[in-house]
Amino acid sequence: MSTAQVQKASTIAIPLSVGAAAAVALGVYGRLHDPTGVAINLAGFSSFQSVKTWLATLAAVLGLVQVVSAYALYHGRPKVAPLHRWSGRAAVAVTLPVVAHCLYALGFQYGEPRVLIHSLLGCFFYGAFVAKMLTLTRPDAPKWLLPVVGGALFTALIGLWLTSALWFFTTFGVIR
Amino acid sequence: MGQRSPLVTLAATAVGLVGFLVVNSTQTGNPTPASSPPAVAPAAQGTVTPSTSESAVTPTAPKTTAPATTTAPAKPPAVYAGHTNEREASLAIATKGERAAAYVCDGRRLEAWLTGTYHNGQLVLRSKTGERLTAAITNNTATGAFTLSGRTLRFSIAKAGPPAGLYRARNATSTIGWIVLPDGKQVGVDDDGTPAPAPPLDTTRRAATVNGVPVTAQAVVGDETF
């Protein structure tokens, strides 16, 4: 391969492989760390599970904002760029207390299909996030790469919401 | 847009995640399952800005729960919760010192309260109605069998921390048991002569409403007599 080819391949391979490494690292931590079952709680909520449920719901809504603003960006509306950037940062920020609780108190589990899917998607989500951030730093990346990693990120987020928050709401009702 | 700003976002996210893990490990301290309610975090933890986690730089290794040593003279209290292997029923076992208490129920009509002993890593429990439960505890897991009217249900369940655990409430008419599983799911039976599914338990306030009457539940720690 010529140098140019190597460079071209690396613009794709580096974000994707670093993202994959991040996903694997989270999964390994979730498996090796002895789940404590306990974690911080917030006043005003019946349990931290319900806090997580609402944070995940907020993240899912911000995820929808991401898709809509990304669509607008690709259709000649550069003004929505700050909205896209900051809604994305906010979406990832609200997931952090959730994933910290998942990893610290519950760990990577696979007792039921829902839990297995949720655990896998959780690791995949942050891997996809890392891949997307790294893709953004490479303007020479192929045009299809950013929508693909962005789409993967959104799909994972919605999958995570369906396997956790929706399950919580349908099991316990829409409670705080 | 600067090409480095996604990297800044990425770094802030990583710092934020580590920060929340550290907050979890410091706030929850050394968890003693089944005795202490979950620590209420200061309001600052509600904020999600990664900047709150500068203290995350200190490399605090996440604490692991103290292993349940089966031979040590002072055994820490522990609660184990989970399903039987074929998911016929849920069960929770609480151990305190050399005493143990357990509850098995299917969330609909079957239930049993058992008490017994915990010696040398072996649990032997009986109920007043004749059910038996035996288990061995190794590596934070209780593995054994529950026998009711000639039928044996096997299980292998892991140690769980609050709010997961075993709760019991009594009033003039009924006895209610709840098993709160590690994933937050509840299984319980309300027995007022006719066993029926238990109403939802608020694990924070340990309160529930049974036939319109509020009741307060106690966490079962293991040295009870039912």
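How many strands and helices are there in chain B? Chain B has one helix and 15 strands, where helices (H or I, at least four residues) and strands (E, at least two) are DSSP runs numbered from the N terminus. Before going on: this is a predicted model, so local features need pLDDT of at least 70 and side-chain atom pairs count only at pLDDT 80 or more, while totals for chains, interfaces and linings use all residues. Residues are numbered from 1 along each chain as its sequence is written, and chains are lettered from A and ligands numbered from 1 in the order in which they are written.

Okay, let's look at strand β8 of chain B, residues 151–160. Strands pair if DSSP finds at least two bridges between them. β8(B) runs antiparallel to β1(B), residues 78–83, with three bridges joining them. With β7(B), residues 141–148, β8(B) pairs over eight bridges, again antiparallel. Now find Ala158(B) in β8(B): Ala81(B) is a bridge partner of that residue, and Thr141(B) stands opposite Ala158(B) too.

Over to chain A. Helix α4(A), residues 113–136, packs against helix α5(A), residues 145–172, at about 150°, with axes 8 Å apart. Axes here are lines fitted to C-alpha atoms over the stretch in contact, and angles run from 0 to 180 degrees between N-to-C directions. So the two helices, α4(A) and α5(A), are roughly antiparallel, meaning an angle over 145 degrees. Where they touch, α4(A) and α5(A) bring together 16 nonpolar, seven polar and two charged residues. Nonpolar is Ala, Val, Leu, Ile, Met, Phe, Trp, Tyr, Cys and Pro, charged is Asp, Glu, Lys and Arg, and polar is the others, Gly among them.

Terms used. Parallel < 35°, antiparallel > 145°, perpendicular 65-115°, else oblique.
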